[in-house]
Amino acid sequence: MKLFEPCYDMALRWARHRHAVKYLGGLSFAESVFFPIPPDVMLAPMSLSQPDKAWQFAFITTIASLIGGIAGYTLGYFAFDAWLAPVIENWGYTEKLETTMLWFKEYGIWVVFLAGFSPIPYKIFTISAGFLQMAFIPFLIASTIGRGTRFFLVAGLMRWGGASMEKNLRQYVEILGWAVVTLAVIAYVILR
């Protein structure tokens, strides 16, 4: 059953759309506040299909994610109890929020930097930072470094791989897709 190859083809089509950069920015912003899908799903194919613009795409993704992070921080700071706590509970993120808050207490600002690479959604970190009234400037610096590193790394790998990587990725996309699903299930079971 081919599930990932059609998704891959669709992602590449979207990556070449004339409004793809706007969609990438919107997705990056939304993911930092409320949306469950990370911007890597657009950043990677866009960087792969247009390697000469990979750094530009990573920059746009980083800036939009930071603006979204500021929005998440603001929501956490001003509206956590009234609006966000019930939403977090309904979406099943309560346990992830508790883990994030524990990490904030143990590791402080470093947790925001590491959030860029964590399996826990970034929005949980932005909202938690606001709710816990973390100092804003260190939050912004750690977010910039963590998110920027992640997005420039993704764009760089795609740029480096170029057309040959796209060809090889297409050949193995089903295997890679199912491997990622398997790893996600294992990570969920372990982190639960």
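**Helical architecture of the predicted model**

Along its sequence, the protein chain follows the pattern α-α-α-α-α-α-α-α, with 8 helices and 0 strands; here helices (H or I, at least four residues) and strands (E, at least two) are DSSP runs, numbered from the N terminus. The structure is a predicted model, in which local features need pLDDT of at least 70 and side-chain atom pairs count only at pLDDT 80 or more, whereas totals for chains, interfaces and linings use all residues. Residues are numbered from 1 along each chain as its sequence is written, and side-chain values use heavy atoms, with hydrogens and water left out.

Of the 192 residues of the protein chain, 43% count as buried, a term for a relative accessible area under 20%, with exposed meaning over 50% and partly exposed in between (1.4 Å probe, protein chains only). The protein chain exposes about 10,900 Å², of which carbon and sulfur atoms supply 70%, as computed by the Shrake-Rupley method with a 1.4 Å probe. Among contacts (heavy atoms within 4.5 Å) in the protein chain with a separation of 6 or more, 77% are accounted for by residues 24 or more positions apart.

The axes of helix H5 (residues 94–107) and helix H7 (residues 122–131) come within 10 Å and cross at roughly 60°, where axes are lines fitted to C-alpha atoms, for helices over the stretch in contact, and angles run from 0 to 180 degrees between N-to-C directions. H5 and H7 are therefore oblique to each other, since angles under 35 degrees count as roughly parallel, over 145 as roughly antiparallel, 65 to 115 as roughly perpendicular and the rest as oblique. The contact is made by Lys-96, Leu-97, Thr-100, Met-101, Trp-103 and Phe-104 of H5, together with Ile-124, Phe-125, Ser-128, Ala-129 and Phe-131 of H7. These residues divide into 8 nonpolar, 2 polar and 1 charged, where Ala, Val, Leu, Ile, Met, Phe, Trp, Tyr, Cys and Pro count as nonpolar, Asp, Glu, Lys and Arg as charged, and the others, Gly among them, as polar.

Two residues of helix H8 were also considered. Pro-138 is found in helix H8 (residues 136–191) and is partly exposed, with a relative accessible area of 34%; Pro-138 and Trp-110 are 28 residues apart in sequence and 9.6 Å apart in space, C-alpha to C-alpha. Ser-143, which also lies in helix H8, is buried, with a relative accessible area of 2%. When residues up to four places away in sequence are not counted, Ser-143 touches Leu-66, Val-112, Tyr-122 and Gly-148.
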